[in-house]
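Student: I should like to examine this structure by question and answer. May we begin once the sequence and the model are displayed?

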Amino acid sequence: MPEAVRFSVSLSEDLLNQFDALLEKKGYENRSEGIRDLIRDRLVQQEIDENKEVVGVITILYDHHVRELSEKVITVQHHSEANVISAMHVHLDHHNCLEAIVVRGEGALVRKFADRLIGTRGVKHGRLVITSIGTDLPK
Ligand code: NI
């Protein structure tokens, strides 16, 4: 890590106690790491808000017995304006398929693509997690 800078923060005891309890639950060893993660998370959120290039991971769960759904899921990916980098398909059981799709592009396009995929009729559940491509994000 580049040279660390120390700074002090004033906040109420209640807020600090709740923050410490959260850090313990999440398994953080110290406040500094917890605060660094909060700041990075906020910076990534800002990149998304400013429509910068981001990376998204979309998971969808669907029943492959639903007529033409597998083809639809593939077609949506081929027509994406965001760049689909990789897709992993897992045959969970007799009915259920899980797909994890990694996509890269402007924040708004990644969201639009995820919405279309998750909103496809027959998709039971879907989630989008967006992260930074990392170039602007300090350690
Ligand atoms: Ni499958």
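Student: Which residues does Thr120 touch, not counting residues up to four places away in sequence?

Tutor: In this predicted model, local features need pLDDT of at least 70 and side-chain atom pairs count only at pLDDT 80 or more, while totals for chains, interfaces and linings use all residues. Residues are numbered from 1 along each chain as its sequence is written, and side-chain values use heavy atoms, with hydrogens and water left out. Thr120 is found in the loop between α4 and β4, helices (H or I, at least four residues) and strands (E, at least two) being DSSP runs numbered from the N terminus. With contact taken as heavy atoms within 4.5 Å, Thr120 touches Leu69, Lys72 and Val76.

Student: Is Thr120 buried or exposed?

Tutor: Buried means under 20% relative accessible area, exposed over 50%, and partly exposed in between (1.4 Å probe, protein chains only). At 11% relative accessibility, Thr120 is therefore classed as buried.

Student: Which residues of α2 are buried, and what is the arc that they cover around the axis?

Tutor: The buried residues of α2 are Gly34, Arg40, Val44, Glu47 and Ile48. They lie on the same side of α2, because the arc they cover around the axis is only 140°; the arc is that of the directions from the helix axis to the C-beta atoms. Their cover includes α1 (13–26), β1 (53–63), α4 (107–118) and β4 (123–132).

Student: How far apart are the end C-alpha atoms of helix α2?

Tutor: The expected span of a helix is 1.5 Å times one less than its number of residues. For the 19 residues of helix α2 (residues 31–49), this gives 27 Å, which agrees with the separation of the end C-alpha atoms, 27 Å.

Student: Which residues are the protein donors of the nickel ion?

Tutor: Donors are N, O and S atoms within 2.8 Å of the metal (3.2 Å for Na, K and Ca); water is not among the atoms, so sites may look incomplete. The spacing of the donors along the chain is H-x1-H-x5-C. Lying 2.1 to 2.3 Å from the nickel ion, they are His89 (NE2), His91 (ND1) and Cys97 (SG).

Student: Which residue in β3 does His89 stand opposite?

Tutor: Two strands pair if DSSP finds at least two bridges between them; 8 bridges join β2 (residues 83–91) to β3 (residues 96–106), and the two run antiparallel. They form a hairpin with 4 residues between them. The residue opposite His89 in β3 is Glu99.
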